[in-house]
Amino acid sequence: MWKNRTHGEESPYIPLGPFKLRLPFIHYKFEWPDYVQGLLMCAVDLAAIPLMTELLGMPFEVALAVVLLNGILYLTHHLLGDPVVPGWITPAIPLIMAYVSTFPEGVDRVHALVAFQLTLGLFSVFLGVTGLARKVVTFVPPAIKSGVIIGAGFAAVKSIFEAGGRFESFPWSISIAVGIAFYIIFSKHFNKLKSQNRVWGLIGKLGVFPIIVLAVIIGPLFGEAPWPTIEWGFINPDFGTLWSEYTVFGVGFPSFMLFIKAVPTVLAAYIVLFGDVLQSKALISEADDVRQDEKVDYNENRAHMIFGGRNSLMSFLGPDVTMAGPLWAAMQVVVIERYKEGKKAMNSLFGGSGSFRWGTNTGLILMPIVSLVEPILGIALALTLLIQGYVSVRVGILESRSHRDLGIAGIIAAVLAVKGATWAFAVGIILTLLVYGKQFFTGENDEIFTKDMEDEEEKRKIS
């Protein structure tokens, strides 16, 4: 069916209420370059393991079970019509860990995490079902949108370079890997090389995959990671211990007061999550300008229902400090950059994002791949955070529509990175009110960017 898509129309699908079911090989072409990337980029999914062992004291095999459950639920996005590569709520992880750490380690901390994730999940589903999610995205002032997204980028970068951050453990590996990754993904020079040479073109199609392979070699060479010990067979996740010691099936349901206590931090985390929704919308809009052959329907309400449902399910099956987010910004930009190269490079955006997530799930169950990337999980996490930081700042700045917006956004971003999302949101509301007053929601457009000049010109034509 995917071969019969009419130019300018959506890829074929099966209607399921608010969802649009698309199956591989039937409704979209399976994209092997993205699948191959996913095989090793499961290293980033696995990087959640040290976070969970540190916070909850989980054994490796138990944390692996959580990662595998998350991996299965990642597939729901593209299967149900959300054209993204989903991931964590990455910039909110330090905020969530700080909140949960205020509770004693053991059952109390597990209950706190369950209450947090379930509250966030149900809140997101509510916004999606009622249609309020789309209104939230539409009515948030541009200055606050801009500041939240830029601040998410600042927070991601700060988490790598702050005292005790991952850069101190892998300085050479991160510097080399990230430098080459930025050159391959974003460089104008490399973009020319891809069109002139088939080998460079193949490397470009593989995106971050060659960087992970390089990290496996660089880490040990610089003495920053051990050489991998390859193990064969399939993984052996410990679901029994997970459900008996880390879920409501074994430790009981959290008290009502824990849900009340979680509300302020949930709202703060949602602000960051909301920034990811804005990024999704902005990145897909960028691709729409280039790929006129496929209409891509991104619906904020549908996205909220899917990642809200993922969080709600995971709070019961395997509570996770990384949370179920709407976007893996680093890989979304890699997939979209290849999608922009044309129909021959990637037939459909659903094919690219879906094939990638099928690849990560395959990698997660293969012990040779898990054991290969286990020593460089910290480097893989740093790589995705820094690419996300780059994308967040780029997309966030373009959300501003005036010099005043940029000034407000800069303050919001700095506060978010230093004091957290709650403070940032409060500061953003106050500053926007003081600067714009009655024009709080609309702000101003002084045509600071070309896109804003085009928006104004379009309005004049309509009027």
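## Basis of the model

The model is predicted: local features need pLDDT of at least 70, side-chain atom pairs count only at pLDDT 80 or more, and totals for chains, interfaces and linings use all residues. Residues are numbered from 1 along each chain as its sequence is written, and side-chain values use heavy atoms, with hydrogens and water left out.

## Aromatic pairs

The structure contains 20 aromatic pairs. Rings of Phe, Tyr and Trp (for Trp, its six-membered ring) pair if their centres lie within 6.5 Å; planes under 30 degrees apart count as stacked, over 60 as edge-to-face and the rest as tilted. W32 and Y35 form an edge-to-face pair, because their ring centres are 5.5 Å apart and their planes stand at 85 degrees. Both are in helix 1 (residues 32-46), three residues apart, which separates them by about one helical turn. Helices (H or I, at least four residues) and strands (E, at least two) are DSSP runs, numbered from the N terminus. Y35 has 17% relative accessibility and counts as buried. Buried means under 20% relative accessible area, exposed over 50%, and partly exposed in between (1.4 Å probe, protein chains only). Ring pairs also link F25, F30, W32 and Y35 into a cluster.

W172 and F222 make a stacked pair, with 5.4 Å centre to centre and 10 degrees between the planes. W172 is in helix 9 (residues 171-186), while F222 is in the loop between helix 12 (209-221) and helix 13 (239-245), so the pair ties together parts that are 50 residues apart in sequence. W172 is exposed at 53% relative accessibility, and F222 is partly exposed at 38%.

## Charges over rings

A charge sits over a ring if NZ of Lys or CZ of Arg is within 6 Å of the ring centre and within 35 degrees of the ring normal. R22 lies over the face of F350, at 3.9 Å from the ring centre. K419 lies over the face of W423, at 5.2 Å from the ring centre.

## A nonpolar surface patch

W172 and F222 also belong to a nonpolar surface patch of about 650 Å², together with V213, I217, L221 and W227. Such a patch is made of residues with over 30% relative accessible area and no salt bridge, with nonpolar side chains (Val, Leu, Ile, Met, Phe, Trp, Tyr) joined within 5 Å. A salt bridge is a side-chain nitrogen of Lys or Arg within 4 Å of a carboxyl oxygen of Asp or Glu. Accessible areas come from the Shrake-Rupley method with a 1.4 Å probe.

Helix 12 gives the most to the patch, with three residues. I217 is in helix 12 and is partly exposed, at 40% relative accessibility.

## Listed transmembrane regions

An unreviewed UniProt entry lists several spans as "transmembrane region", including residues 110-129 and 169-187. UniProt positions are given in the numbering used here, and annotations may be inferred rather than shown by experiment.

Residues 110-129 are 100% helix and 0% strand, and their end C-alpha atoms lie 28 Å apart. For residues 169-187 the span is 89% helix and 0% strand, with the end C-alpha atoms 27 Å apart.

## Residues with positive phi

Most residues other than glycine have a negative phi. M323 is not a glycine, yet has a positive phi of about 60 degrees. M323 is in the loop between helix 16 (300-317) and helix 17 (329-339), and is buried, with a relative accessible area of 0%.

E447, also not a glycine, has a positive phi of about 55 degrees. E447 is in the loop between helix 22 (421-436) and helix 23 (450-462), and is partly exposed, with a relative accessible area of 30%.

Note on methods: Patches are made of residues with over 30% relative accessible area and no salt bridge: like charges are joined within 9 Å, nonpolar side chains (Val, Leu, Ile, Met, Phe, Trp, Tyr) within 5 Å.
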